[in-house]
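I opened my notebook today to look up a few things in a structure.

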Amino acid sequence: MRTRLAPIVASLALLLGAAGCAGDSSPRYDEVTAAPTGRQPGPGSATPGSSTPAKPVVENCNPRASLRPAGALPQAGKMPSGTWMAKVHARGRLVLGTSQDTLLFSSRNPLTGKVEGFDVDMGRMIAQAIFGDPDRLQIKVIGYNERVNSVLKGEVDVVADTMTANCARWKDVDFSSIYYEAGQKVLVNRDSTAKGIEDLGGKKICAAAGSTSYDNIGTVKSKPIAVAKASFGDCLVAFQQNEVDAISTDDTILAGMAAQDPYAKVIGERYTEEPYGMAISKEHPEFTRFVNAVLEKARQDGTWARTYEKWLGRFGAVPQPPGAQYR
């Protein structure tokens with residue numbers, strides 16, 4: 001039996017309370033659905049072997065391919081008339097949707113009270129390009145299952161929140177080019193002999209209800225038992241209290257957990273691909289092209305590499321940024 005310290009549980013639950021795993025499989029806010037019994041397990045439920053994704057697979061789609069930039073970036077402070085960038089400039093701030101509890105990517109600094117991390121710095125780059133000032137950024141904290149809906153409702157200009165660009169989501173929103181490559185792994189007790197998720201057949205593995213991380217556990221051939229909790233913070237508490245054997249979500253999120261918990265380790269190779277993109281309204285394709293031009297500049301001038309080193313350099317050498325693909 002593991003012995004867990006209450007302060008670890010409390011502090012990590014605070015940091016990871018609604019940690020935004022790669023995917024939310026929640027429906028659009030304007031969809032009228034009648035979910036059949038058992039379609040989506042409730043928090044705390046366990047399903048051996050499988051779960052049903054909330055959205056169908058979209059054929060003939062390359063989720064990594066975004067809209068090509070329309071030439072060079074305009075000068076900061078001088079956005080083209082009639083564009084969404086001009087409206088954002090007139091408003092005086094860029095509204096970024098993100099979480100406040102995904103350690104290293106978008107979490108609230110307990111000393112300053114500010115939300116900061118790799119994803120936040122992606123938003124700051126866009127604000128810099130529009131205003132010439134990265135601090136012209138308003139952060140709107142959103143639940144991981146509200147990322148698509150916050151864009152559809154016009155509550156944010158852009159979402160950067162460890163969000164996987166996939167074909168189902170492309171039906172609802174546009175994505176930027178890929179700015180980070182993640183993949184799903186497993187966090188286990190440091191004394192575990194398991195080498196990967198396939199070694200955890202019949203074991204209880206926790207993921208957030210409504211997440212694609214939960215769905216992916218159901219695809220593993222050895223049939224681990226997928227346990228749904230309301231958030232990854234709840235998964236962490238369940239893990240520390242020996243209610244589940246492991247947690248599975250993006251390696252980026254698991255790295256933040258393991259860095260804080262001396263009783264845990266991350267194992268195995270990535271068994272999914274989770275390319276992160278920024279979600280943007282389909283009504284503003286010129287803004288998506290603009291964001292892609294910002295990302296292209298960041299890849300070329302070293303800004304992306306410096307941002308990686310700042311937040312993730314402790315985990316190894318800085319990789320090459322993901323190459324852009326365009327439609």
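Does α3 pass α10 in a left-handed or a right-handed crossing? I looked it up, and the crossing of α3 past α10 is right-handed. I kept in mind that this is a predicted model.

**Entry: two helices**

I reminded myself that two packed helices are described by the angle between their axes and the distance between the axes. For α3 and α10, I found an angle of about 150 degrees and axes 10 Å apart. Because angles over 145 degrees count as roughly antiparallel, α3 is roughly antiparallel to α10.

Next I turned to the second largest pocket, which holds about 370 Å³ of space. I found 18 residues lining this pocket, and M125, Q128, K297, D301 and T303 are the closest to its centre. Which helices each supply at least two residues of the lining? I noted α3 (118–131), α9 (285–301) and α10 (303–312). The largest share is from α3, with five residues. I also sorted the lining by type: eight residues are nonpolar, four are polar and six are charged.

**Entry: a covered helix**

Then I looked at α7, which spans residues 232–240. How many of its nine residues are buried? I got eight, so I wrote "buried" for a relative accessible area under 20%. Among the buried residues of α7 are F232, L236, V237 and F239; G233 and Q240 are buried too.

Last, I checked what comes just after α7, and there N242 takes a positive phi of about 65 degrees.

Conventions:
Residues are numbered from 1 along each chain as its sequence is written. This is a predicted model: local features need pLDDT of at least 70, side-chain atom pairs count only at pLDDT 80 or more; totals for chains, interfaces and linings use all residues. Side-chain values use heavy atoms; hydrogens and water are left out. On a 1 Å grid over the protein atoms alone, a cavity is a set of points where a 1.4 Å probe fits but cannot get out, and a pocket is an open set with protein on both sides within 12 Å along at least five of seven lines; lining residues have an atom within 4 Å of a point. Grid points are joined across faces, edges and corners, and a volume is the space filled by probe spheres set on the points. Helices (H or I, at least four residues) and strands (E, at least two) are DSSP runs, numbered from the N terminus. Ala, Val, Leu, Ile, Met, Phe, Trp, Tyr, Cys and Pro count as nonpolar, Asp, Glu, Lys and Arg as charged, and the others, Gly among them, as polar. Buried means under 20% relative accessible area, exposed over 50%, partly exposed in between (1.4 Å probe, protein chains only). Axes are lines fitted to C-alpha atoms, for helices over the stretch in contact, and angles run from 0 to 180 degrees between N-to-C directions. Angles under 35 degrees count as roughly parallel, over 145 as roughly antiparallel, 65 to 115 as roughly perpendicular and the rest as oblique. A crossing is left-handed if the near helix is turned anticlockwise from the far one by less than a right angle, and right-handed if clockwise.
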